[in-house]
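Please keep both open as you go.

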Protein chains: 2
Amino acid sequence: MDPRVEKRLGLKQLAEKVVSAQEAAALIEDGTVVAMSGFTRAGDAKVVPMALVERAKNEKFKIDVYTGASLGPEVDNYLADAGVINKRGPFQGDAVMRGLINKGEISYVDAHLSHNAELVRQGIIGPIKHLILEAVAITEDGLIIPTNSVGNSPIFAQYAENIIIELNISHPESLIGIHDIYVPAEQGQREPIPMTNAEQRIGEIGIRVDLDKIQAIVVSEEPDAPSLIVPPDEETQTMANLLLDFFRAEIKAGRLTNELMPLQSGVGSVANAVLDGFADSEFENLVVASEVLQDAVFNLIDAGKVRFAAATSITLTEELQQRVYGNLEKYADKIVLRPQEISNHPELIRRLGLISINTALELDIYGNVNSTHVSGTKMMNGIGGSGDFARNARLGIFVTKSYAKGGAISSIVPMVSHVDHTEHDVDVIVTEQGIADLRGLAPKERVSLIIENCAHPDFKEQLWDYYNRAVEATGNAQTPHILEEALSWHVNLAKNKTMKKETTNA
Amino acid sequence: MDPRVEKRLGLKQLAEKVVSAQEAAALIEDGTVVAMSGFTRAGDAKVVPMALVERAKNEKFKIDVYTGASLGPEVDNYLADAGVINKRGPFQGDAVMRGLINKGEISYVDAHLSHNAELVRQGIIGPIKHLILEAVAITEDGLIIPTNSVGNSPIFAQYAENIIIELNISHPESLIGIHDIYVPAEQGQREPIPMTNAEQRIGEIGIRVDLDKIQAIVVSEEPDAPSLIVPPDEETQTMANLLLDFFRAEIKAGRLTNELMPLQSGVGSVANAVLDGFADSEFENLVVASEVLQDAVFNLIDAGKVRFAAATSITLTEELQQRVYGNLEKYADKIVLRPQEISNHPELIRRLGLISINTALELDIYGNVNSTHVSGTKMMNGIGGSGDFARNARLGIFVTKSYAKGGAISSIVPMVSHVDHTEHDVDVIVTEQGIADLRGLAPKERVSLIIENCAHPDFKEQLWDYYNRAVEATGNAQTPHILEEALSWHVNLAKNKTMKKETTNA
């Protein structure tokens with residue numbers, strides 16, 4: 001046996017389980033539910049799924065795939081494209097999979113990421129026939145050490161009938177000790193989660209499994225697909241500055257201290273860029289308690305701004321992968337990876353008082369947010385953890401540029417075409433135009449803040465025109481709308497490729 | 001001093017604070033935020049608000065009124081009608097107040113009931129100049145004992161500058177000991193809520209206040225306005241039976257036991273009637289962990305079905321008021337009243353695994369629920385605690401009759417005109433037509449269950465027609481919609497007084 005493998009296989013009796021990826025892939029039964037490790041392109045099952053792609057060339061079979069969150073190309077592109085995936089949950093972010101979802105070829109259950117574990121416990125997700133779990137090592141006492149994400153793997157491991165491990169020796173051994181695995185008991189027999197600050201460790205360093213369930217071990221050297229985020233630009237920098245000024249005002253008002261509260265920042269370029277804005281600020285001693293640690297968090301650790309960061313995955317661009325994974329020891333006492341049930345748990349988000357920053361696709365003049373559906377119909381990625389955080393956070397902040405498609409689309413519309421976050425869950429909105437603090441306001445009180453501070457100048461007049469006529473038409477009701485027109489901006493976009501009213505047929 | 005008052009005033013030094021309602025009302029300053037006790041017509045401030053109504057006859061003044069939830073006529077009808085209320089939150093259910101809200105004369109901030117306490121802590125609700133708090137007694141060591149609701153009073157008492165107590169001697173002394181007041185600390189310095197089952201007591205029997213803040217004590221003998229719920233009818237009975245059968249199937253599937261899980265049931269006639277359905281069932285040893293204990297809960301305690309019931313208020317019809325308040329000793333070890341921050345806390349709802357039953361105003365073919373806005377514009381009551389429960393419950397169930405206005409309105413529409421509960425938070429739907437179990441399903445998988453099982457037969461064809469054309473128009477996207485038509489049922493209703501397509505001008 002490869003000494004690099006031997007070293008990672010603490011429990012020697014498991015050596016006999018080592019097989020090829022093809023042999024492992026052959027074990028996957030048609031028509032079953034297959035759980036896989038992986039959360040936003042980190043810690044994904046990879047070599048067994050790729051062997052399934054090969055197998056699909058000669059054989060028709062379908063599986064339901066549940067993961068932590070989005071996976072890299074091996075599953076959400078190649079395996080999807082091979083026609084193997086019948087159903088997918090709870091999150092994805094791949095163009096190929098998205099295309100198949102929006103043609104009805106893959107059934108997609110997008111769900112709050114903190115809800116998955118309960119659905120597994122109740123058997124709503126399941127029965128899970130196989131779990132394919134990427135690990136960096138198996139300890140002598142049988143703990144499976146995940147790689148750079150935890151996601152839903154602990155609960156999957158508890159409920160799966162069979163476990164196939166991808167022992168990935170390309171991940172550094174220094175990942176061992178970074179994880180903190182705590183799995184709540186059944187509802188009704190459950191203790192409070194014993195965590196009162198985000199830096200606390202409450203569990204074990206790996207996933208404890210019934211060893212008899214380990215069906216196969218496959219050795220892998222495949223690296224994770226790198227994060228696809230783009231660097232900050234002038235507009236995201238403006239948004240970051242607006243947010244920093246908002247925090248300064250909150251400190252002045254006595255509502256925050258200079259250390260703020262634990263920060264959560266959503267997946268994607270805008271949220272990452274906004275977080276990056278802290279690098280040149282006076283804020284320090286910050287704590288991050290998030291889903292995903294993206295590039296910005298490590299930049300802030302390096303800059304001495306962030307003292308501790310907790311999440312369920314680490315997703316980095318190629319450049320940062322090299323810098324971080326090559327020097328993981330340096331970060332070992334400053335980061336922790338937890339199951340997504342814990343990182344996203346309402347109990348902890350509320351208790352710790354998180355400041356939550358997530359991305360909106362569009363939002364309306366009353367503060368409702370769409371974060372998933374393009375024009376109300378086509379799935380983009382999914383709600384992910386944004387609902388877990390926004391609903392329970394101390395401060396639920398949504399960021400978006402005020403426009404899209406070169407100005408043809410206004411991100412602020414009369415009525416969103418799909419609601420993921422209701423008016424009750426949206427505290428603050430930030431665009432490159434400005435910031436709207438909606439806390440404690442009635443719907444109509446929010447309108448002028450949203451239009452005047454956040455909308456793109458090209459659309460302000462059109463938004464006011466709609467609102468004023470809606471007030472008139474409804475006799476100044478609680479939430480004025482003209483239902484005939486409420487979604488007309490999206491209709492106009494479909495017909496004329498713009499939300500601008502003056503444009504006729506393109 | 002009236003010996004009945006003396007008996008309730010344990011802390012004798014407070015006797016000097018006793019004044020008339022008029023004198024107390026004169027203390028309320030124009031332009032301030034006034035918090036009041038009361039939750040769904042239970043434990044409301046009453047005599048001081050009525051004195052404010054009198055004062056308003058000779059003087060122009062405005063206040064912002066925040067409470068636990070809806071109040072009886074004294075505040076939400078008379079005080080509103082007197083033009084005294086500028087802003088109101090977080091819930092109401094009165095026709096007069098509703099009318100003023102929907103004319104823009106009162107600004108209404110409807111909010112998740114578990115969120116209020118955090119907003120008070122952060123000063124978003126506030127500064128609170130006065131709290132008017134109904135109490136049944138003040139103990140020798142200065143604990144204020146609320147009457148038949150707790151609501152937001154403990155957090156209001158902590159943050160209010162002045163406290164006016166309505167010592168209501170018409171409430172039975174046997175209320176003393178029924179409350180369990182626990183107030184979490186500031187976020188970041190907060191311990192886990194030490195409750196692992198709904199029957200546990202974790203706090204004190206009254207509200208501990210800074211006694212220097214007590215500005216006045218007014219003696220009251222005003223009873224609470226009775227609950228307005230109507231008795232179960234044949235259709236609600238059918239809904240109850242459908243739900244009982246669903247629970248039986250869950251038990252068979254091993255997902256529930258005969259004791260079920262703690263039950264939450266929303267405010268209103270339908271939810272009450274559904275709960276009433278347990279009376280003739282085989283279920284027993286049930287626990288209720290809800291916001292409000294309505295008639296049904298006491299019927300179930302009397303029938304030996306419910307062994308314990310926790311909530312933040314008791315709201316009964318006149319008949320039940322007599323039966324229960326006259327025999328409170330009988331229920332003393334079976335009920336507990338908690339602050340709404342605790343009864344509705346996501347931490348506890350998730351930990352205890354509640355089964356949550358709330359009422360929908362309308363819902364759509366993909367499972368989104370509107371529980372607040374008539375045709376997307378006019379406020380009915382408010383979201384109340386339904387979001388706290390549905391989002392975090394083990395089972396989030398919504399009930400509604402499939403039709404309204406004698407059949408002119410379908411409660412199931414292509415797209416809801418306002419979203420309070422997104423598709424991610426709605427597990428099960430029950431109408432008098434049938435039940436739809438949406439757990440684990442993708443949007444399109446939900447459609448046939450919702451239309452076939454739950455829609456009224458008069459609207460099924462019209463719903464299928466919309467859906468089938470939407471699938472065609474969007475190339476079978478994740479959530480097919482025809483945006484030009486999505487809200488056309490509501491437009492038709494406004495124009496023709498019916499959602500039925502064949503009808504032309506009425």
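## A covered helix in chain B

Which residues are buried in H10(B)? They are B:Asp295, B:Ala296, B:Val297, B:Phe298, B:Leu300 and B:Ile301. Buried here means under 20% relative accessible area, while exposed means over 50% and partly exposed lies in between, using a 1.4 Å probe and protein chains only. Helix H10 of chain B spans residues 295–302 and is mostly covered, with 6 of its 8 residues buried. After H10(B) comes B:Gly304, whose phi is positive, near 75°. Helices (H or I, at least four residues) and strands (E, at least two) are DSSP runs, numbered from the N terminus.

## How to read this model

This is a predicted model, in which local features need pLDDT of at least 70 and side-chain atom pairs count only at pLDDT 80 or more, whereas totals for chains, interfaces and linings use all residues. Residues are numbered from 1 along each chain as its sequence is written, chains are lettered from A and ligands numbered from 1 in the order in which they are written, and side-chain values use heavy atoms, with hydrogens and water left out.

Let's move to chain A. Strand E12 (residues 286–289) sends A:Leu286 and A:Val288 one way and A:Val287 and A:Ala289 the other way, and all are buried. In a regular strand, side chains alternate between the two faces of the sheet. E12(A) pairs with strand E14 (residues 306–311) of chain A in the parallel sense over 4 bridges, and A:Val287 stands opposite A:Phe308 in E14(A). Two strands count as paired if DSSP finds at least two bridges between them.

The loop between E12 and strand E13 (292–293) of chain A holds A:Glu291. UniProt lists A:Glu291 for "active site" in an unreviewed entry; such annotations may be inferred rather than shown by experiment, and their positions are given in the numbering used here, with feature names shortened. A:Glu291 counts as buried because its relative accessibility is 5%. Leaving aside neighbours within four places in sequence, its contacts (heavy atoms within 4.5 Å) include A:Phe39, A:Leu113, A:Asn344, A:Ser386 and A:Phe389. With A:Asn344 there is also a side-chain to side-chain polar contact of 3.0 Å. A polar contact is a pair of N or O atoms within 3.5 Å; within protein, one must be able to donate a hydrogen and the other to accept it, and residues adjacent in sequence count only if both atoms are side-chain atoms.

Over residues 322–466 the chain is 33% helix and 23% strand, and the end C-alpha atoms are 51 Å apart.

An open sheet of 3 strands in chain A has the order E19-E18-E25, with mixed pairing. Its edge strands are E19 (369–370) and E25 (412–413), each pairing on one side only. Strand E18 (residues 362–364) of chain A and E19(A) pair in the antiparallel sense over 2 bridges, and A:Leu363 has A:Val369 as its bridge partner in E19(A).

## Where the chains meet

The contact between the chains takes 77 residues from chain A and 77 residues from chain B. About 6500 Å² is buried between chain A and chain B, and carbon and sulfur atoms give 50% of that area. In chain A, A:Arg350, A:Arg391 and A:His424 lose the most area to chain B, together 12% of what that side buries. Buried area is the accessible area (1.4 Å probe) that two parts lose on being put together, summed over both.

How does one residue link to the other chain? A:Glu347 lies in helix H14 (residues 346–352) of chain A and is buried, because its relative accessible area is 2%. The side chain of A:Glu347 makes a polar contact with the side chain of B:Arg351 (3.0 Å) and reaches the backbone nitrogen of A:Ile193 at 2.9 Å. A:Glu347 is also in contact with B:Glu347.

A:Ala442 sits in the loop between strand E27 (435–437) and helix H16 (443–454) of chain A. Not counting residues up to four places away in sequence, A:Ala442 touches B:Ser107, B:Tyr108 and B:Val109.

## Cysteines

A:Cys454 is buried at 0% relative accessibility, and B:Cys454 is buried with a relative accessible area of 0%.
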